[in-house]
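Trainee: I would like a close look at a single position and its surroundings. Please take me through it in one connected account.

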Amino acid sequence: VSTQSTWGSLLVLLLSIPAAFALVVFQFQKKQKIEMWVISTRMMPPIAAAIPLYLLARGVGLVDTHLGMILIYAGFNLPFGIWMLIAFFRKIPRELIDAARLMGASWGQVLTRIVVPVARGGIATVAVFILLFSWNELLLALFMTNRSAQTFPVNLASFQTQSDTAW
């Protein structure tokens, strides 16, 4: 597994766990619309954003860099991570969270000491899916890398030519 996929997956988990927790626990206006917006961003195929992403990455010097690919992988997998974790966090009994708050736990403590340990199976599932989505991604990596930050699928595709496969 490439370092880009691994770091991208870790970044997605670091951002999606608190985001999903907030969407499950707190009540605020237009919460349902925000949840639908999160999942609707996943509906756009990544290749549709390839040219704007390339122009943006070129403008800030992230073309053919590991950091550029990590940020792109994280950006495209973050909605999936949030959406899946919302489903897992909703299965945690609300009484457990309320009891921790009554005992004086802060929201951060509730997240780190109650929710994350209880939902660790779901978090692991999301981590595996995100890692696989990042590792299998070919088209954006093909657009965004030349040599120094090429991923395994891009290297594998380079063996295929128009008339031959260089095994």
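Mentor: In this predicted model, Ser 16 has a relative accessible area of 0%, so Ser 16 counts as buried, the cut-off being under 20%. Ser 16 belongs to helix 1, which runs over residues 3–25. Beyond the neighbours within four places in sequence, the contacts of Ser 16 are Leu 78, Gly 81, Ile 82 and Leu 85. Helix 4 covers 66–90.

Ser 16 is also where helix 1 bends, by about 25 degrees, and a proline, Pro 18, follows within four residues. The length of helix 1 can be checked as well: 23 residues at 1.5 Å a residue should span 33 Å, and the end C-alpha atoms are 33 Å apart, so the two values agree.

Next, the nonpolar surroundings. The largest nonpolar core holds 26 residues, and Ile 17, Phe 21, Leu 85, Phe 89, Val 110, Val 115 and Ile 123 have the most contacts inside it. At least two residues of this core come from each of helix 1, helix 4, helix 5 (94–102), helix 6 (107–118) and helix 7 (120–136). Helix 1 gives the largest share, eight residues.

Definitions and conventions: Residues are numbered from 1 along each chain as its sequence is written. This is a predicted model: local features need pLDDT of at least 70, side-chain atom pairs count only at pLDDT 80 or more; totals for chains, interfaces and linings use all residues. Side-chain values use heavy atoms; hydrogens and water are left out. Buried means under 20% relative accessible area, exposed over 50%, partly exposed in between (1.4 Å probe, protein chains only). Contact means heavy atoms within 4.5 Å. A nonpolar core is a set of buried Ala, Val, Leu, Ile, Met, Phe, Trp, Tyr and Cys residues joined through side-chain atoms within 4.5 Å. The expected span of a helix is 1.5 Å times one less than its number of residues. The bend at a residue is the angle between axes fitted to the seven residues ending there and the seven starting there.
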